[in-house]
Amino acid sequence: MSASTREYVRKPAGLPTGGEFAEHAKAGSGLALVNYADELTDDDDPWLQAADEDEPQGGKDPVAELVQLSEDITLATQPTPSIMVRGGMSPQEREREREEAHARADEINAARRRLEAEYGTVEQAVVHAGHRVAHRAEELAGITAEEVGAAAQQRLEEAESAYNELKEKHSALRAEAEEMYGAERDELTRQVRQLDYGDRAEVERLKNARFAVERKIADHSRPAFDALIEAQTRLGLLRNGQDDQVRADLRRLSDGYLAALGEVRELGGQMVWHEKSAKKAREAFDEATAIFPADWVAASNDRIGGNREARGLLGVRTVADQAPVAKMSSRRAHYVDGRTHKTKKRMPRETVTVGFGDEDMQAYGRSSSPYTEYRELTAEERERHQVFAGDRALMRTQYEVYRGPYSHKTNPDGTPAGRGWEEWTDPANPQRKVWRRMKHRMQEVSSEFAPEITTNRQVPLVEGRSDTFAVSAHELSHRFEYSVPGLTQLEAQFLRRRTTDPETGEPEPYRPLWPGSRERVQADNFITAYTGKTYDGEAYEVLSTGVDSLFGGRNGGMVGTAGEKADPDMRAFILGVMATAGRRPRS
Amino acid sequence: MDENPSDKTVTVEIDGLTASWNGREFTGDTELVEAAKRAVELRETVEVFGRIPIDTTSVDPYGALAALSAYRPGRVFVTQAPEELTDWLELVFEANDCQAREPAGA
């Protein structure tokens, strides 16, 4: 059996020493660990064991093999080069351009052919790589996905059973108490109803007596009731994946994935954010960035400053690509690869006027109305508003006038409450005084076209992760789809394989999540049907839901916690993509 | 006058199983109905479509959808729902999770 077709056994090959891997030095994932490599011998190294099993002749470094596979995958998912003949090129230059494009195309095709020959498809090569990473990750974590899933399922079943037993016990005790005290309570109830309500003391006495009986009934089953509530809480936590043990196990697996990926390629890095990004959002995304390949982060950063097309009301124009604007949001989190961001500022409500206020300005040097004020335009304002030299124009500022406690909040001393009020004196009649304040409006002062990425908070399902981690990782995946060549191509291939009937070749039809919905998916047997959603072939939900599952614990961590099913095929695809795709040439 | 309960009917399908909420109670395939009842009993919050957390109840269509999804929240398809529920879902999903550029007029 060749290495490509070999089914990997997930059981750890004898290295239940997890924990130290949570501090893998190469992971670059914000984990603080000792370098376990110092403590292990070759005999303990599952990479070597896996290699020995795969390659009887031995001798090949499995990490180096994966790196080679990664380079082929990266190459095979590059777009076929096009020949750009520019004006002013000499025939020799054209020829060189053509030759280079052909050579590049040959290289890409050769990589595709190599992968197809060995694995069937490029996507299957990725899945193969992912299985190896998963295998190694479990070795490093000292726990397997199957173990995590099975243990969670067992605890869930035990909790169900304990809850059902306690529920029955509580019901039995309630029934017993009813038998013991029910008649007494009913009699007291009957007496209260029949009583003349004029006799308040007797009513009070009977009510207290009935209350005491009801209390005896409740006390009879109280320990069982308290235990039932505890069991109910425990069951709820297990069903929602919020059980402490599940969260700890998913952290071990997650750290194992990062440690294994960290052996194949560098992870993490610093995303460049737009200056308008919110600090909390930047921090949230920076935490999640640590799980992604450094090459992807670099690809995202390298886009900035390049040219891109922006579509507006006036058609398509070329603009400089900007860094993403990161935001916190209470609404649905999202990534938009390009949108107009307007900056608005609170400005005085001013308008340029011609023919108004001249008389007042001549008579008093200011307005005779408390609702307006006039001033001369500055040279810059004259130019901006295209006021020709010699034309008489004034800037009119609008004011709000205090009209008493019925229209405005008022301080105890009779002055208007709030900021910005000034006492105005009528220039024509100094006895007349009013309170007024300047009116303002939000005015657009600048606008630019930039990507937008938002995140929000959800209950964390992996120990030690923040409440924004899973959503941030999900949305960052979308950012990388638009920044890393080849990612969406692999997602498309994976989705096609999973949603195509192997016998008929027919694709699974898209289906709306609810009647009339625009949210249409190919559900396959994904843990969440949402994984099968596509965005006109430009982006997918495969990587994003995969990443938020494996590293954020959603969808049962894809390993079968929280009563969900496991999806080892998708897990391998996600880990394979993270291990191999978008690799950049090393100098 | 009482509102006709059938106007509020929510029906879902999960992996070939179906169940409904008729304004008062859950009916349909046992697995889904049992899971729905249990979710309400445990006052669970269910992530409908694996995306939107909703508190389960049996007194309004939103909570009922959450309860009906409890069997496998990520696999649910709504096949019948009152307009107020579908309008609300449209609102929740108004902003696309991912898109190349903002929609015209945004």
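Visitor: OK, what is the mean pLDDT of chain A?
Guide: The mean is 87, and 88% of the residues of chain A reach 70 or more. pLDDT is the predictor's confidence in each residue, from 0 to 100.

Visitor: And where is confidence lowest and highest in chain A?
Guide: It is lowest in helix H1 (residues 46-54) of chain A, with a mean of 46, and highest in helix H15 (residues 542-550) of chain A, at 98. Helices here are DSSP runs of H or I with at least four residues, strands are E runs of at least two, and both are numbered from the N terminus. Residues 1-40 of chain A have a pLDDT below 50, yet this stretch has 82 contacts in the model beyond near neighbours in sequence. Two residues are in contact if their C-beta atoms, placed from the backbone, lie within 7 Å. Where pLDDT is low, the predicted coordinates should not be read in detail.

Visitor: Let's switch to chain B. How many helices and strands are there?
Guide: Chain B has 3 helices and 7 strands. Along the sequence they follow the pattern β-β-β-α-β-β-α-β-α-β.

Visitor: What share of chain B is buried?
Guide: Of its 106 residues, 43% count as buried. A residue is buried if 20 or more other C-beta atoms lie within 10 Å of its own, exposed if 12 or fewer, and partly exposed in between, with C-beta atoms placed from the backbone.

Visitor: Which strands make up the open sheet?
Guide: The open sheet has 4 strands in the order S3-S2-S1-S6 of chain B, with antiparallel pairing. Strand S3 (26-28) and strand S6 (76-80) of chain B stand at the edges with a single partner strand each, so one side of each has no neighbour in the sheet. On average, neighbouring strands of this sheet are turned by 30° against each other, direction ignored.

Visitor: How many bridges link S1(B) and S6(B)?
Guide: They pair in the antiparallel sense over 4 bridges, where pairing means that DSSP finds at least two bridges between two strands. B:Glu13 stands opposite B:Phe77 in S6(B).

Visitor: Which strands does H1(B) touch?
Guide: H1(B) packs on the sheet and touches S1, S2 and S3 of chain B, and its direction makes about 165° with that of S3(B). Such angles run from 0 to 180 degrees between N-to-C directions, and axes are lines fitted to C-alpha atoms, for helices over the stretch in contact. Helix H2 (residues 61-69) of chain B lies across S1, S2, S3 and S6 of chain B, at about 20° to S1(B).

Visitor: What about B:Phe49, is it buried or exposed?
Guide: B:Phe49 is buried, with 26 other C-beta atoms within 10 Å. It sits in the loop between strand S4 (45-48) and strand S5 (52-55) of chain B. B:Phe49 also has a positive phi of about 60° although it is not a glycine. Most residues other than glycine have a negative phi.

Visitor: Where is B:Asp15?
Guide: B:Asp15 is in the loop between strand S1 (10-14) and strand S2 (17-21) of chain B. Its phi is positive too, at about 50°, although B:Asp15 is not a glycine. B:Asp15 counts as partly exposed, with 14 C-beta neighbours inside 10 Å.

Visitor: Now the two chains. How many residues are in contact?
Guide: 32 residues of chain A are in contact with 24 residues of chain B. On the side of chain A that touches chain B, S4(A) gives the most, with 6 residues. S4(A) is joined by 2 bridges to strand S7 (residues 98-99) of chain B, and the two run parallel. A:Val336 stands opposite B:Gln99 in S7(B).

Visitor: Last one: at what angle do H4(A) and H14(A) cross?
Guide: The axes of helix H4 (residues 122-141) and helix H14 (residues 487-498) of chain A cross at roughly 95° and come within 9 Å. That makes H4(A) roughly perpendicular to H14(A); angles under 35 degrees count as roughly parallel, over 145 as roughly antiparallel, 65 to 115 as roughly perpendicular and the rest as oblique. Among the residues making the contact are A:Val126 of H4(A) and A:Phe494 of H14(A).

Terms used
Residues numbered from 1 in each chain as written. Chains lettered and ligands numbered in written order. Predicted model: local features only at pLDDT ≥ 70, side-chain atom pairs only at ≥ 80, totals over all residues.
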